[in-house]
Amino acid sequence: MLQSCSIEHAVDEVLARLPQHIHMGMPLGLGKPNRFANALYRRIAGMPERQLTIYTALSLGRPALGDGLQKRFLEPFVERVFGDYPELDFLADLHRDSLPANIRVEQFFMQPGSLLHSAPAQQDYVSSNYSHAARDINAAGLNLVAQLLARDPQDPGRLSLSCNPDITLDMLPMIAKRRAQGETILILGQVHSDLPYMPGDSEIDAADLDLLIDEEERSTLFSTPNMPVGIQDHCIGLHASTLVRDGGTLQIGIGSMGDALTAALLARQADNEGYRALLADLQVDYWQPLIDREGGVEPFAQGLYGCSEMFVNGLLALADAGIVRRKVYPTVALQEQANAGTLDPDSAVGGVSIHGGFFLGPRSFYQRLRELPKSRLAQFNMTAISYINELYGHEELKRLQRRDARFINSAFTMTLMGAAVSDQLQGGRVLSGVGGQYNFVAQGHALADARSVLILRSWRESAGEVSSNIVWEYGHCTIPRHLRDIVITEYGIADLRGKTDAKVIEALLNISDSRFQAGLIEQAQKAGKLAKDFRLEPRFADNSPQRLQNIQARHRHLFPEYPLGSDFSAQERDLLRALNWLKSKFKLSEILELGKAALDAPEPAAFAEHLERMGLEKPEGLREDLYQRFLLAGLQATAPTMS
């Protein structure tokens, strides 16, 4: 029977009704009821006779402020964007390596790079496919589910799992089976006033809960501000956009490379002439047979269907632009009619243009979802992750829906033999997690007309040191080379499916940065994997940032810095550009080295508003004076040029 209660009373009920060891599951990302989690965490921390294990993923916290220039930039921005978002107490203790002895936190995905130095987080990481998380958590003895919900404005008795039906919907049948065998498993919810109410599979009745916290959460929702999209990412997105087939299926991930792909698809639709001129300048004609066979460059006449574990801001932008609009239907018969073109999409009931498992994004994304009418929201069906990330279960229907699927995911390193690295460093420390990447790569091979596309930047720069992201070997892989398919960098496309090792190496050399090609060729030849007389085609001998910058200058309007909008002010966008430049070129901790760059900095009056935003308009002391000079140098070096 549903019980409505305060947070502290809910903690009392949980402690009274569950055994000594509480196994609490919470959704990944946005859907955690942080205040309840903190109250239970604090209570059990003071009860050494009890135990708590938390099962979750993607525990979200404000970015670390750091110090120096970074802190001066982030502090006011974080305060403005994250407001009164309640931080997770267990996350703070994970960062400090100070979890109570009777509490553990097991995660299958971590906020990228945030817990690299946390011993308990690294030791209690669970390497599971996203689609297996519900199975594994259930097997561990889950006895409490805690989740944020949204309430139907027209029917207060109807609730929605909103941002996170992903694992919860998969858990419910497992919970029902265990309850039938006499186990006590509690489901707790709390309504957040700002969570969009998502109709469809994510809707539940209040009676499905055991405990409902009677006070709606009104704190700031955690958001992920859109970050700037650089030239590398834009070129990656442009190449990837040529492989998206009209009438097909699209899956993309979060981040600037996903935003770049969105921008390219928007340009393909709205400015096709300019888009194709840019592609010609990028010399994509080399891959024209592949593009003709697998994708296209024309505007979208039929539209796309989105099937993505994460309903990202980019998918909503594509839906608003009329690109993501192909509807799929809940039965094989209806879907067969739709595929045959005999079903009227405007009159059919139950058509869905996006299936998503969870969402997370900038504040404008949440606002847009809250503003949409329920009839429009019904076309975005938030559902179980098992439906999206796997083919088994309703397989015939899924195969009909997911025609010409392009599963586009990112990696940070690729070996020259075609293995991808996306989740973990070779020393063993986990950056993020496997998530659903393997699921989508496997689908790319299992569906007859699908392709798996892995995207990455060919090189990176840190503290003035440039290194290749395409390497001969790496001590870990996320996607093994026997699942290699299509790889894209800013320099082009490598079609690896069914190719010999030598051909795979050649294709990846073609999209590597030319500063590293000679060394990679030497390593491959030394290993006996590349002919001694191999010569790179001249077309690929000038894979250089300068060539791409020249192309950008000729098509500047197709390289928007924030294609999906920004939470940063104009001054903050300039400052972020300058700070990223400084970070890439120098070690900010080495003041003397930085001093060399500051010698030619412009006068403070040239950037007075920027200095005021950073509290450096009137520097006090040598340190602040140096900070001002460094910042001015960065602002001057990264000032936008007019086309």
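A residue is called buried when its relative accessible area is under 20%, exposed when it is over 50%, and partly exposed in between, using a 1.4 Å probe and protein chains only.

## Getting started

Welcome to this structure, which is a predicted model: local features need pLDDT of at least 70, side-chain atom pairs count only at pLDDT 80 or more, and totals for chains, interfaces and linings use all residues. Residues are numbered from 1 along each chain as its sequence is written, and side-chain values use heavy atoms, leaving out hydrogens and water.

Helices (H or I, at least four residues) and strands (E, at least two) are DSSP runs, numbered from the N terminus. The protein chain is divided into domain 1 (3-217), domain 2 (224-405) and domain 3 (570-638), with bounds that come from an automatic or database domain assignment. Between the C-alpha centres of domain 2 and domain 3 there are 40 Å.

## Aromatic rings

A pair of aromatic rings is described by the distance of the centres and the angle of the planes. Here, rings of Phe, Tyr and Trp (its six-membered ring) pair if their centres lie within 6.5 Å; planes under 30 degrees apart count as stacked, over 60 as edge-to-face and the rest as tilted. This rule gives 19 aromatic pairs. One of them joins Phe108 and Tyr130, whose ring centres are 5.8 Å apart with planes at 35 degrees, so the pair is tilted. This pair links distant parts of the chain, 22 residues apart: Phe108 is in the loop between strand E4 (103-107) and helix H5 (119-123), and Tyr130 is in the loop between H5 and helix H6 (133-139). Phe108 is buried, at 6% relative accessibility, and Tyr130 is buried too, at 2%.

Tyr130 also pairs with Phe358, this time edge-to-face, at 6.1 Å centre to centre and 70 degrees between the planes. Again distant parts of the chain are linked, since Phe358 belongs to strand E12 (residues 354-359), 228 residues from Tyr130. Phe358 has a relative accessible area of 6%, so this residue counts as buried. Elsewhere, ring pairs join Phe311, Phe359, Phe365, Tyr366 and Phe380 into a cluster.

## Charges over rings

A charge sits over a ring if NZ of Lys or CZ of Arg is within 6 Å of the ring centre and within 35 degrees of the ring normal. Lys398 lies over the face of Tyr387, 4.8 Å from the ring centre. Arg515 takes up such a place over the face of Trp459, at 4.7 Å from the ring centre.

Helix H25 (residues 621-638) has 18 residues. The expected span of a helix is 1.5 Å times one less than its number of residues; for H25 that comes to 26 Å, which agrees with the 26 Å between its end C-alpha atoms. The buried residues of H25 include Glu624, Tyr627, Arg629, Phe630 and Thr638.

Seven of the ten residues of helix H19 (residues 501-510) are buried, so H19 is largely enclosed by the rest of the structure. Those buried residues are Asp501, Val504, Ile505, Ala507, Leu508, Leu509 and Asn510. Contact means heavy atoms within 4.5 Å, and what covers the buried residues of H19 includes strand E15 (413-415), strand E21 (486-489) and helix H20 (514-526).

## An annotated stretch

UniProt, in an unreviewed entry, lists residues 361-524 as "domain: Acetyl-CoA hydrolase/transferase C-terminal". UniProt positions are given in the numbering used here, feature names are shortened, and annotations may be inferred rather than shown by experiment. Over residues 361-524 the chain is 34% helix and 23% strand, with end C-alpha atoms 41 Å apart.

## Single residues worth a visit

Most residues other than glycine have a negative phi, and most peptide bonds are trans. Asp97, though not a glycine, has a positive phi of about 55 degrees. Asp97 is found in the loop between H4 and E4 and is partly exposed, at 41% relative accessibility. Asp404 is not a glycine either, yet has a positive phi of about 45 degrees. Asp404 sits in the loop between helix H17 (395-401) and strand E14 (405-410) and is buried, with a relative accessible area of 12%.

Glu87 lies in the loop between helix H3 (68-82) and helix H4 (89-95) and is partly exposed, at 27% relative accessibility. Leaving aside neighbours within four places in sequence, Glu87 is in contact with Asn34, Asn38, Leu60, Gly61 and Arg62. Finally, Gln552 is part of helix H21 (residues 545-554) and counts as buried at 18% relative accessibility. Apart from neighbours within four places in sequence, Gln552 is in contact with Ile231 and Phe559.
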